[in-house]
Amino acid sequence: MRTSPIQRLLLVMVTLFAFSFIGYQIYRYFYNQYKTETVYNYTIAETARVSGIVLRKETLLEDQLGSGFATYTASDGTKVSKGSPIAEIYESESDAENVRKLRELNNRKTLLERAQDPGTTSFAHTDVLNKQISSELAAIIGAVDTNSLLKLSDMSDRLLVLMNTKQIATGKQEDFSTALAQLSAEEKYYTARTSEHKPTTITSPRQGYFIRTVDGYENCTDLNRLDRLSAQELTDMINNPAPQDELHRVGKLMTDHNWYYVVLVQKENLEQYREGASVTLDFNISGLEPVPAVIDSINDSTDEEDVVIVFRCDYINEHLVNLRVTQADVNFKSISGLRVSNSALRFEGLQQGVYVLKGDMLTFRPVTVIYEDVGFSLCREYDDAYMIPGTATYAGLQQYDEIVIEGVQLYDRKQTR
């Protein structure tokens, strides 16, 4: 039986409708109608970039280098007592270099002797040594990556002792007599090249923290009147260090554990600063963590556009004692919470919250917003008000929930398929 054109057209239309309907159902089943994001814990830190000068109570060492050459026996930031040796002054640069080399050779001999000491090798086990070597290597790599080089020499010495001890413990080396003889020969060579003239030993005149660098800002102002320092005085101080001919000294002592970071801030940016408030100062130096400080004073003069702010800190290390004119980021406070896009925030009645997608159902979760920013908000991670009475079930938003940031016709307990 032949079909007419009209019948064929109707058949095609019915077939297309059937395929379209089936395709739509498949699309509805597999296509997610809602765009979601995962909730994570997030921390916001309020910061401000400032620029200023680090001031300390410092005493210049009276001994000047003159035409001599110094070999230091104390490193920057080392706490020294009265009479402690700080440096040795030699008449020639070659003598200073030879003495430095002799000390290095003596240290290497000491490390080799320690490694072959029966008291060390008799209790050495290969597995333990391997773990110690791996640990020391990891520490050295970490120090280099973070530019924390203050104790790198000590770490490399420990690694050398461990590796040499392993050589003895595993029988690959009977002893280090050949190497020790070679080091002794080198010592004799450098000793012969060093003049018999004894160096001048510089000792600490009092207790303090030793610093090698003299930069001209020592004692540039009375630290007792920092709370009265004006913006103009601070600017003049930074721009006018002492003449260079005053700087040829062995070093200086920091004689008080407190030091001060004095900065200029424009008056319109004073909202975050509160006298007595605790902050952290980040000097953006690799390997140097932000250090805690206190806002010691805020010198607000009516006739100046800028305000002098004084931070007080008592942390001391090699990096900090060498800071002078520098920038820093002031971290005032941090706020932590669950980060949600503002587009996810909705209301059910008067209650603000978000819709969480679990499986094929939407669930409304109430939130308490504690911080708002452009594009997102932070919500309290846990709120007692959202505990279901009489149960241990928490009905508020939780970390790792999938929340809806795009979608229409949202309501609680809605089936999405």
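How much space lies in the second largest pocket? The volume is about 180 Å³. This is a predicted model, in which local features need pLDDT of at least 70, side-chain atom pairs count only at pLDDT 80 or more, and totals for chains, interfaces and linings use all residues. Residues are numbered from 1 along each chain as its sequence is written, and side-chain values use heavy atoms, with hydrogens and water left out.

A pocket is an open set of points on a 1 Å grid over the protein atoms alone, with protein on both sides within 12 Å along at least five of seven lines; a 1.4 Å probe fits at the points, and lining residues have an atom within 4 Å of one. Volume is the space filled by probe spheres set on the points, which are joined across faces, edges and corners. The lining includes Arg56, Lys57, Glu58, Asp256 and Tyr260. Strand 2 (40-60) and strand 8 (252-266) each give two or more residues. Strand 2 gives the most, three. Strands are DSSP runs (E, at least two residues), numbered from the N terminus.

The whole structure holds 13 salt bridges (a side-chain nitrogen of Lys or Arg within 4 Å of a carboxyl oxygen of Asp or Glu). Glu58 and Arg324 form one, at 2.9 Å from N to O. Glu58 lies in strand 2 and Arg324 in the loop between strand 11 (306-313) and strand 12, 266 residues apart. Glu58 is buried, at 3% relative accessible area (buried means under 20%, with a 1.4 Å probe and protein chains only). Arg324 is buried too, at 7%. Arg49 pairs with Asp329 at 2.4 Å between the closest N and O atoms.

Key:
Helices (H or I, at least four residues) and strands (E, at least two) are DSSP runs, numbered from the N terminus. Buried means under 20% relative accessible area, exposed over 50%, partly exposed in between (1.4 Å probe, protein chains only).
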